[in-house]
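Here is a short report on one protein structure. Keep the sequence and the 3D view open while reading.

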Amino acid sequence: MRETISVTSSTQNKLRKRLKKSTNLSNHELSLEQIQKTIPLLAQAFAHGFFIEVNCRTLSENLLDQLAHQVYEFVQKQEEHLNRSLIFHSFADYSLLKEFVRKIFIGDFEENQTKKRKEIHSMNIFLYKTKDDHPSIQEILVENEKQQFASRWSLPHEQFESLWETLEYDLPLKSQLMQYVFTVIRFDKANVDRTVLHCNQTILLYGPPGCGKTTLCKGLAQKVSIRMKELFSRFYFYELNAGSLFSKWFSESSHNLTRFFHDITQICLDPMTFVIILIDEIESLSMSRTSSLSSNEPSDMLRVVNTLLTQIDRLKSFSNILILTTSNLIEIIDQALIDRSDLTLFIGPPSLKTIFHIYQACLDELIEKNLIHSSASRPEEIKGKLWSLAEESDGLSGRTLRKLPMIAFSHIQQSDDFIQCDELFNAMHEQLKHKKNTNDYLHQLNNS
């Protein structure tokens with residue numbers, strides 16, 4: 001049984017024939033057929049940003065057509081709201097959706113443009129089921145001592161579900177990242193000569209802590225595994241523990257890194273497996289060699305940087321890999337690594353508009369879970385108060401913003417009755433004052 005399948009509404013009447021025909025094909029032949037059909041459909045979906053993702057409790061082959069048809073009808077009824085990303089959890093009057101579907105996500109609409117009727121009728125529907133197993137721990141033996149150096153998830157995974165949807169940016173960063181990954185795959189399927197057009201399949205996200213770089217990487221990995229499932233049979237996500245690669249025996253560090261990438265290379269030999277690697281805080285593995293020499297850093301640091309660059313160069317011969325790196329200190333990263341990154345994107349603190357949307361999402365969640373009471377008769381007043389909070393929160397990281405409502409809630413005298421919106425807003429204003437005082441104090445310490 002497949003765990004993920006993508007279908008297009010305009011070809012749903014052909015779905016049964018395709019599934020029936022597939023029983024007479026080998027896995028490799030089926031994959032080639034799927035790729036030939038899927039590439040143009042995905043190109044259309046990426047052009048409009050119109051993805052319908054359906055998280056299912058179970059997926060049965062004999063129900064796929066019926067499920068897709070009900071999803072198609074359900075989304076059509078939301079036509080007037082299709083100018084932004086939407087998430088649905090309840091499906092009245094749709095028996096199959098109520099029984100088999102956990103969530104429907106409609107997006108990504110980062111430019112707030114209402115979808116044309118023609119686009120709505122040619123929507124791409126992705127049915128998938130998340131895995132919930134524990135990650136596989138990758139270990140190495142150093143001086144007879146086991147060290148954990150990476151974790152591996154099989155995607156799509158429950159742990160990464162909804163990360164993508166919670167992220168808010170002023171620029172269409174999410175669309176840009178998804179378009180990049182699809183372009184890499186599309187060029188490979190078209191046999192584009194890599195000696196003419198260079199590509200390292202490497203992305204570097206940099207910026208201050210707490211702005212969602214790591215979350216964005218994990219969300220991207222999840223979305224790639226959902227939207228491109230008919231191009232690959234398996235998706236693996238590796239999170240590298242950079243600190244564990246540095247053995248107390250300096251000479252082992254570059255060897256540890258080589259072992260890790262050797263294992264990755266073996267997996268990439270299977271063209272139907274797509275591998276995504278996350279190296280968080282990449283500066284710990286790629287400190288500028290010029291700075292290291294001038295500051296008398298151990299020579300092992302130089303070997304590690306050289307090894308990392310060499311391994312990235314070797315992996316670019318594979319099209320079924322994506323390397324995601326993040327950094328809080330891009331200024332100390334070796335220039336050669338920055339040069340090897342196809343995309344180098346700054347992820348900074350959210351703007352006032354984005355802060356407002358984050359607070360709005362937090363408030364909606366608390367109202368939905370019956371922790372906050374909101375009067376429907378005063379939406380404009382609530383909107384104004386959220387904007388006031390947003391203005392007061394300017395400059396804070398996304399991580400801090402999403403923690404603030406919970407911290408504020410914990411300072412309210414709680415009872416069995418609903419807490420009113422105004423009580424939460426007042427508590428949030430108080431916590432923002434405390435945060436500002438703390439930041440001012442830390443700034444004075446750093447300048448003293």
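Asn 191 is exposed in this predicted model. Its relative accessible area is 66%. The residue sits in the loop between H7 and strand S8 (202-206). Its phi is positive, about 60°, although Asn 191 is not a glycine. Asp 93 also has a positive phi, near 75°, and is likewise not a glycine. Asp 93 lies in the loop between strand S3 (86-88) and helix H4 (95-100). With a relative accessible area of 73%, Asp 93 is exposed. Most residues other than glycine have a negative phi, and most peptide bonds are trans.

The backbone holds a cis peptide bond between Leu 155 and Pro 156. Omega there is about -5°. Pro 156 belongs to the loop between strand S7 (145-154) and helix H6 (163-166).

**Nonpolar cores**

The largest nonpolar core has 46 residues. Val 224, Met 228, Phe 274, Ile 276 and Leu 322 touch the most other members. Helix H7 (residues 173-189) gives the largest share of this core, eight residues. Domain 1 (10-128) and domain 2 (136-346) both contribute residues, so the core lies between them. Another core lies apart from it and has 33 residues, including Leu 308, Ile 321, Ala 336 and Leu 337.

Neighbours within four places in sequence are left aside here. Val 224 is then in contact with Met 178, Val 181, Lys 229, Phe 235, Phe 274 and Ile 276.

**Cysteines**

How many disulfides does the structure hold? The count is zero. Cys 211 is buried, with a relative accessible area of 9%. Cys 217 is buried too, at 1% relative accessibility. Both values count as buried because the cut-off is under 20% relative accessible area.

**Salt bridges**

The structure holds 16 salt bridges. Three of them are listed here.

| Pair | N to O distance |
|---|---|
| Glu 381 and Arg 378 | 3.1 Å |
| Asp 422 and Arg 378 | 3.1 Å |
| Lys 433 and Glu 430 | 3.6 Å |

Arg 378 pairs with Glu 381 and also with Asp 422. What does the pair of Asp 422 and Arg 378 tie together? Asp 422 lies in helix H17 (residues 421-447). Arg 378 lies in the loop between strand S13 (372-373) and helix H15 (379-392). The pair therefore ties together parts that are 44 residues apart in sequence. Asp 422 is partly exposed, with a relative accessible area of 27%. Glu 381 is partly exposed at 39% relative accessibility.

Lys 433 and Glu 430 both lie in helix H17. They are three residues apart, about one turn of the helix. Are these two residues buried or partly exposed? Lys 433 is partly exposed at 47% relative accessibility. Glu 430 is partly exposed as well, with a relative accessible area of 39%.

Salt bridges also link residues into a network. Its members are Glu 53, Lys 103, Glu 161, Glu 165, Lys 223 and Arg 227.

How values were computed:
Residues are numbered from 1 along each chain as its sequence is written. This is a predicted model: local features need pLDDT of at least 70, side-chain atom pairs count only at pLDDT 80 or more; totals for chains, interfaces and linings use all residues. Side-chain values use heavy atoms; hydrogens and water are left out. A disulfide is a pair of cysteine sulfur atoms within 2.5 Å. Buried means under 20% relative accessible area, exposed over 50%, partly exposed in between (1.4 Å probe, protein chains only). A nonpolar core is a set of buried Ala, Val, Leu, Ile, Met, Phe, Trp, Tyr and Cys residues joined through side-chain atoms within 4.5 Å. Helices (H or I, at least four residues) and strands (E, at least two) are DSSP runs, numbered from the N terminus. Domain bounds come from an automatic or database domain assignment. Contact means heavy atoms within 4.5 Å. A salt bridge is a side-chain nitrogen of Lys or Arg within 4 Å of a carboxyl oxygen of Asp or Glu.
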